Amino acid sequence: MLGGIGGDPGRIDARRNVRAHRAAGRIAMLRAQLATVGTHRIVLSDENLLGGLRENLLLCRLYPTVTTRLDRVAAAIPGIDHVVLSIRSPDAWWTSAFACLMTRGFAAPDRATLDAVLRTRRSWRAVVTDVAAALPHARLTVWTHEDMATRADAAVHRLTGEVPQVRNVARLNASPDCATLQARLLDEGCVTRLPDVAGHYAPFSPDERASLRGRYDDDLAWLRDGADGLIEMETPATTSPAEGPFRDRRPRYGRDRRQEAMGATG
């Protein structure tokens, strides 16, 4: 359905532009069909809309091309009215990304890669700012992975207003333990010894983890202070159960959206 919309935005490919145009047509037809049967909202959940892990690894930065990528998404799916971004402490995020890529045939990060990650100034604050710039008319909510990762039912409820009917679903994409990653590398002829803490892959030293977490604390403080007007934090007394920990920057739409057919802004 989204063929041609993703991919490296810096790569010029006329064929991909044609596929993106056709994808926009398919999406428009699907939305029209769903509107006729009373569907009033579509939720699209895909971390690759921000960029791929390989790109993050090669550039040692968090989603450096997110603005251009979301520009393409917005062109193919007009009327996006709400964006929810889940962020995670960078020490844990990079560790998870490294582990995931190792399961796809990549080698473990070397010292130069780790140093580049530690030196980069791009944090979640920059990602949030880029997302807001790419979709200026959409409400923006920011969640933390630490709060929501184990609460998929709460996430679904906050996104849709509906309580999930299925509970205890399988956990997907969990990082393998260090022994499993080590065996995978050995199978591919890589003899690099992976560092671990209590059986879990741990590429960063305690001081490096503390430094990365300090940056995350700065990002969270920025969000709580209003994120330069992009979003505002709800106070405990006014937090709506349908909102994340950080309030959207646009006022909520009418509550009774079930009575509306899903049009271009659905």
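Ala-227 lies in the loop between helix 10 and strand 5 (232–233). Helices here are DSSP runs of H or I with at least four residues, strands are runs of E with at least two, and both are numbered from the N terminus.

First, the ground rules. This is a predicted model, with residues numbered from 1 along each chain as its sequence is written. Local features need pLDDT of at least 70, side-chain atom pairs count only at pLDDT 80 or more, totals for chains, interfaces and linings use all residues, and side-chain values use heavy atoms, with hydrogens and water left out.

Now the overview. The chain has ten helices and six strands. Of its 266 residues, 38% count as buried. Buried means under 20% relative accessible area, exposed means over 50%, and partly exposed is in between, with a 1.4 Å probe and protein chains only. Take the contacts with a separation of 6 or more. Residues 24 or more positions apart account for 68% of them. Contact means heavy atoms within 4.5 Å.

Is Ala-227 buried or exposed? Ala-227 is buried, because its relative accessibility is 0%. Its phi is near 55 degrees, a positive value in a residue other than glycine. Asp-228 lies in the loop between helix 10 and strand 5 as well. Phi of Asp-228 is also positive, near 55 degrees, and this residue is not glycine either. For background, most residues other than glycine have a negative phi. On accessibility, Asp-228 is exposed, at 63%.

Asp-228 brings us to helix 6. What does Arg-125 touch, leaving out residues up to four places away in sequence? Asp-219, Trp-222 and Asp-228. Arg-125 sits in helix 6. It is partly exposed, because its relative accessibility is 37%. Arg-125 and Asp-219 are 94 residues apart in sequence, yet 5.6 Å apart in space, C-alpha to C-alpha.

Next, Trp-124, again in helix 6. Trp-124 is buried, at 4% relative accessibility. Not counting residues up to four places away in sequence, it touches Leu-62, Tyr-63, Ile-87, Arg-88, Trp-93, Tyr-216 and Asp-219. Look at Ile-87 in that list. Trp-124 and Ile-87 are 37 residues apart in sequence and 7.0 Å apart in space, C-alpha to C-alpha.

Now the whole helix. The buried residues of helix 6 are Trp-124, Val-127, Val-128, Asp-130, Val-131, Ala-132 and Ala-134. What do these buried residues pack against? Helix 3, strand 1, helix 4 (90–102), strand 2 (139–144) and helix 10 (206–224).

Let's take the helix 3 contact. Two packed helices are described by the angle between their axes and the distance between the axes. Helix 3 and helix 6 (residues 124–134) pack at an angle of about 30 degrees, with axes 9 Å apart. That makes helix 3 roughly parallel to helix 6. Axes are lines fitted to C-alpha atoms, for helices over the stretch in contact, and angles run from 0 to 180 degrees between N-to-C directions. Angles under 35 degrees count as roughly parallel, over 145 as roughly antiparallel, 65 to 115 as roughly perpendicular, and the rest as oblique. The crossing of helix 3 and helix 6 is right-handed; that is, the near helix is turned clockwise from the far one by less than a right angle. Helix 3 contributes Val-66, Thr-67, Leu-70 and Asp-71 to the contact, and helix 6 contributes Asp-130, Val-131 and Ala-134.

The definition: a side-chain nitrogen of Lys or Arg within 4 Å of a carboxyl oxygen of Asp or Glu. The whole structure has nine. One of them joins Arg-122 and Asp-130, at 2.7 Å, N to O. Arg-122 is buried, at 12% relative accessibility. Asp-130 is buried too, with a relative accessible area of 18%.

Another salt bridge pairs Arg-41 with Asp-81, where the closest N and O atoms are 3.1 Å apart. This pair links distant parts of the chain, 40 residues apart. Arg-41 is in the loop between helix 1 (14–36) and helix 2 (53–59), and Asp-81 is in the loop between helix 3 (66–76) and strand 1 (82–87). Arg-41 is partly exposed, at 24% relative accessibility. Asp-81 is buried, at 5%.

One last pair. Glu-188 and Arg-184 form a salt bridge at 3.5 Å, N to O. Glu-188 is partly exposed, at 44%, and Arg-184 is partly exposed, at 35%. Elsewhere, salt bridges that share partners join Arg-111, Asp-115 and Glu-208 into one network.
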